[in-house]
Number of protein chains: 2
Amino acid sequence: VTRPGRPPGDSGTRTAILTAARSLFAEVGYDRASIRAIARRAGVDAALVHHYYGTKDDLLTAAVRLPGAAGPLLASAFTDPDRVGDALIRGFLGLWESPTVRDHMLALIRTALTHPAAAAILRGVVTREAMLPITTHLALPHAQLRAELTGTHLIGLALGRYGLGLEPLASADIDTIAAAVGPTLQRYLTDPELLPR
Amino acid sequence: VTRPGRPPGDSGTRTAILTAARSLFAEVGYDRASIRAIARRAGVDAALVHHYYGTKDDLLTAAVRLPGAAGPLLASAFTDPDRVGDALIRGFLGLWESPTVRDHMLALIRTALTHPAAAAILRGVVTREAMLPITTHLALPHAQLRAELTGTHLIGLALGRYGLGLEPLASADIDTIAAAVGPTLQRYLTDPELLPR
């Protein structure tokens with residue numbers, strides 16, 4: 001609800017608030033990150049944070065939402081079921097190569113490990129938003145478990161490559177990783193014999 | 001160095017200090033966790049923490065060291081190269097089913113995402129301590145990258161199953177997960193065609 005006297009909506013300010021929230025949630029945990037401290041880091045008044053994002057829970061939800069670039073990633077994975085594993089690993093790594101996406105996702109993972117509400121959001125990102133549309137589209141049994149095996153493999157890979165800087169994984173080129181991991185994802189997503197019965 | 005007047009070594013006290021350190025590192029981050037606060041949580045004097053564990057960096061190293069039960073896991077993976085993937089996923093999940101190991105490892109991952117020294121230790125755990133002995137034993141090219149693909153897949157799986165409680169992954173029985181993931185690890189660890197050239 002916009003009231004008279006409030007400043008007009010400003011996407012720069014909104015972005016600054018979300019960036020400040022992500023970094024503070026990640027650094028000190030959800031419980032210790034006050035709206036006041038987030039506002040201070042963003043260089044705005046605390047009332048403006050409430051105005052744009054409501055409660056702290058609402059702000060958390062907004063801060064950890066899947067980056068907008070994930071849409072095209074998912075679309076590309078639908079184009080050819082025989083190459084979904086390769087398309088997915090390449091699209092996923094392409095997304096994470098962006099420092100903005102990387103910082104956002106690492107902050108989400110950190111926060112999810114210390115706060116149940118963030119964990120619930122990450123569960124939604126990994127399965128419902130990112131992977132389940134693919135497995136549902138492929139219409140095989142165990143769609144949810146396939147989505148989770150795929151999503152958790154990707155999260156672990158990203159943690160090692162971007163979060164921990166494991167070498168040579170961190171410096172490996174995308175073709176090398178796709179050669180190794182693409183067939184795994186292809187099998188998790190499409191192999192009718194993946195699971196018993 | 002043990003000096004006269006210090007209390008004798010006591011494995012209960014040492015364990016209490018390590019447990020307190022792990023939980024505090026995970027909750028408030030390495031930088032904010034003081035030796036004094038760790039001592040208070042363990043119910044001992046701060047001097048005793050220094051006596052047993054030296055500096056805070058030394059304490060971090062001790063707190064995040066691989067659980068002792070990992071030794072048998074690694075040994076089991078050496079017994080039959082044709083079944084190393086299956087043995088590894090079963091041994092790994094068996095370890096994580098223990099609440100002590102689970103809490104320890106989740107705390108290590110949380111701390112690693114916020115503190116470079118903990119990240120360095122987790123890198124060592126994933127590769128040198130846990131996976132590299134296996135790939136080195138198998139004596140194939142790209143031993144380090146194979147170790148990292150295997151280790152990060154397992155970390156991601158554990159995060160999803162034990163850290164985030166993703167369903168149905170969290171409730172799936174070990175046979176089901178081994179059927180899906182065992183062949184992946186087998187390929188990462190032993191397939192000569194895994195990587196280009």
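Trainee: How many residues of chain B are in contact with chain A?

Mentor: In this predicted model, 43 residues of chain B are in contact with 43 residues of chain A.

Trainee: And what area do the two chains bury between them?

Mentor: Chain B and chain A bury about 3,600 Å² between them, and 71% of that is on carbon and sulfur atoms.

Trainee: Which three residues of chain B supply more of its buried area than any other three?

Mentor: Those are B:Leu113, B:Leu164 and B:Leu166, which supply 18% of the area that chain B buries against chain A.

Trainee: Switching to helix packing inside chain A. At what angle do α1 and α4 of chain A pack?

Mentor: Helix α1 (residues 11-28) and helix α4 (residues 56-63) of chain A pack at about 95 degrees, and their axes are 9 Å apart. That angle makes α1(A) roughly perpendicular to α4(A).

Trainee: Which residues meet there?

Mentor: From α1(A), A:Ile17, A:Leu18, A:Ala21, A:Arg22 and A:Phe25 meet A:Lys56, A:Leu59, A:Leu60, A:Ala62 and A:Ala63 of α4(A). By class, the contact of α1(A) with α4(A) has eight nonpolar, no polar and two charged residues.

Trainee: Now chain B. How do α2 and α3 of chain B cross?

Mentor: The axes of α2 (residues 35-42) and α3 (residues 46-53) of chain B come within 8 Å and cross at roughly 100 degrees. So α2(B) is roughly perpendicular to α3(B).

Trainee: What is in that contact?

Mentor: B:Ile35, B:Arg36 and B:Ala39 of α2(B) meet B:Ala46, B:Val49 and B:His50 of α3(B). The residues of the contact of α2(B) with α3(B) are four nonpolar, one polar and one charged.

Trainee: What about α1(B) against α3(B)?

Mentor: α1(B) and α3(B) pack at an angle of about 100 degrees, with axes 11 Å apart. These two helices are therefore roughly perpendicular to each other. B:Thr13, B:Arg14, B:Ile17 and B:Leu18 of α1(B) meet B:Leu48, B:Val49, B:Tyr52 and B:Tyr53 of α3(B). That contact of α1(B) with α3(B) has six nonpolar, one polar and one charged residues.

Trainee: On to the backbone. Which residues does the cis peptide bond in chain A join?

Mentor: The cis bond joins A:Glu167 and A:Pro168, with omega about 15 degrees. A:Pro168 lies in the loop between α9 (143-163) and α10 (174-190) of chain A.

Trainee: And in chain B, what is the peptide bond from B:Glu167 to B:Pro168, cis or trans?

Mentor: The bond from B:Glu167 to B:Pro168 is cis, with omega near 15 degrees. B:Pro168 is in the loop between α9 and α10 of chain B.

Trainee: What about phi of A:His142, positive or negative?

Mentor: Phi of A:His142 is near 60 degrees, which is positive in a residue other than glycine. Most residues other than glycine have a negative phi, and most peptide bonds are trans.

Trainee: Where is A:His142 found?

Mentor: A:His142 is in the loop between α8 (116-138) and α9 of chain A.

Note on methods:
Residues numbered from 1 in each chain as written. Chains lettered and ligands numbered in written order. Predicted model: local features only at pLDDT ≥ 70, side-chain atom pairs only at ≥ 80, totals over all residues. Heavy atoms only, no water. Axes fitted to C-alpha atoms, helices over the stretch in contact; angles between N-to-C directions. Helix = DSSP H or I, 4+ residues; strand = E, 2+ residues; numbered from the N terminus. Parallel < 35°, antiparallel > 145°, perpendicular 65-115°, else oblique. Contact = heavy atoms within 4.5 Å. Nonpolar A, V, L, I, M, F, W, Y, C, P; charged D, E, K, R; others polar. Buried area = accessible area lost by both parts, 1.4 Å probe.
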